[in-house]
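Here's a quick briefing for anyone opening this structure for the first time.

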Amino acid sequence: MLEDLLAGSLEDAATRKLTRPFAEVEADALAARPALDALAALAPADHIKVIAEVKRASPSRGDLAEIPEPQDLATQYEAGGASAVSVLTEERKFKGSLADLEAVRKSISIPVLRKDFIGDEYQVFEARAAGADLVLLIVAALEQPRLERLHDLIRELGMTPLVEAHSDTEVALAVDLGAQLIGVNARDLRTFELDRDLFGRVADQIPAGVTRVAESAVLNVADVEHYRSAGADAVLVGEALVTSDPIATLQSYLSV
């Protein structure tokens, strides 16, 4: 599944490159306003931080919400106390787009994450040109040399890499990379199976000073409490927010 998702995203990026060449995207990225400091926004605090996600669908759950105006949802997220907004830009299975990211960036003042299957430098420049402050990198999707190159490029462009792991080995790779923001995804993107206790088993491998993000399997306050007690500084939440009153749900999470 992960290989298919990455291949699809790279194919779509190659198609976009035909009408928007690399040099044009690079120029737009370098001319964009500076990225916001996502590490400061997500820094550990006396309460959990939330990265709230604009998510229409997923391969595991199918359609979740229509979200015709992603900027309106993002505005509610900011009003509800989210520290950052994640925007899924993968088109085939998640029904997102870069246009969603651009619309969200224009509507809020907190950091915005491009969440996609990133495997090419072109996609990183696209993210910056669209206004992203963070870019997701999935350890399982990338060979180490490419992971390192993309991680370095994201930082060179002033953005923050969110490096996602799904095992103790992948966490170790993220730490060796020097990642300052490490996500542990309870969902194995190769099989889409969930293990909500994974974060607790690997959290101690993440050094002090690195912000720890728990991803997936967050459906209620009890799930947030579960991750917080295991050492999470932040949670990334999509489904629970797009299928409920986002402000009320966010505020209940922020009480943890």
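**A first look around**

L177 counts as buried, because its relative accessibility is 14% and the cut-off for buried is under 20%. Keep in mind that this is a predicted model.

- You'll find L177 in helix α8, which covers residues 168-177.
- L177 and L147 sit 30 residues apart in sequence, yet their C-alpha atoms are 8.5 Å apart in space.
- Once neighbours within four places in sequence are set aside, L177 is in contact with Q144, L147, E148, H151 and V163.

**The largest nonpolar core**

- The largest nonpolar core has 91 residues, and the ones touching the most other members are Y77, V85 and Y227.
- Which strand gives the most to this core? That's β6 (residues 134-138), with five residues.
- Y227 is worth a stop: leaving aside neighbours within four places in sequence, its contacts are A186, R196, F199, A214, E215, S216, A217, V218, A232 and V235.

**Where α2 meets α6**

- Helix α2 spans residues 22-31 and helix α6 spans residues 121-129; their axes come within 8 Å and cross at roughly 40°.
- That angle is why α2 counts as oblique to α6.
- As for handedness, α2 and α6 make a left-handed crossing.
- On the α2 side, the contact is made by F22, V25, E26, D28 and A29. On the α6 side, E121, Y122, F125, E126, R128 and A129 take part.
- Sorted by class, the residues of this α2 and α6 contact are six nonpolar and five charged, with no polar ones.

**Where α1 meets α6**

- Helix α1 (residues 2-19) also packs with α6, at an angle of about 70° and with the axes 10 Å apart.
- So α1 is roughly perpendicular to α6.
- The crossing of α1 and α6 is left-handed.
- From α1, the residues involved are S9, L10, A13, R16 and K17, and they meet Y122, Q123 and E126 in α6.
- How many residues of each class are in the contact of α1 with α6? There are three nonpolar, two polar and three charged.
- Look out for Y122 and E126 of α6: they're part of the contact with α2, and they also meet residues of α1.

Terms used: Residues are numbered from 1 along each chain as its sequence is written. This is a predicted model: local features need pLDDT of at least 70, side-chain atom pairs count only at pLDDT 80 or more; totals for chains, interfaces and linings use all residues. Side-chain values use heavy atoms; hydrogens and water are left out. Axes are lines fitted to C-alpha atoms, for helices over the stretch in contact, and angles run from 0 to 180 degrees between N-to-C directions. Helices (H or I, at least four residues) and strands (E, at least two) are DSSP runs, numbered from the N terminus. Angles under 35 degrees count as roughly parallel, over 145 as roughly antiparallel, 65 to 115 as roughly perpendicular and the rest as oblique. A crossing is left-handed if the near helix is turned anticlockwise from the far one by less than a right angle, and right-handed if clockwise. Contact means heavy atoms within 4.5 Å. Ala, Val, Leu, Ile, Met, Phe, Trp, Tyr, Cys and Pro count as nonpolar, Asp, Glu, Lys and Arg as charged, and the others, Gly among them, as polar. A nonpolar core is a set of buried Ala, Val, Leu, Ile, Met, Phe, Trp, Tyr and Cys residues joined through side-chain atoms within 4.5 Å. Buried means under 20% relative accessible area, exposed over 50%, partly exposed in between (1.4 Å probe, protein chains only).
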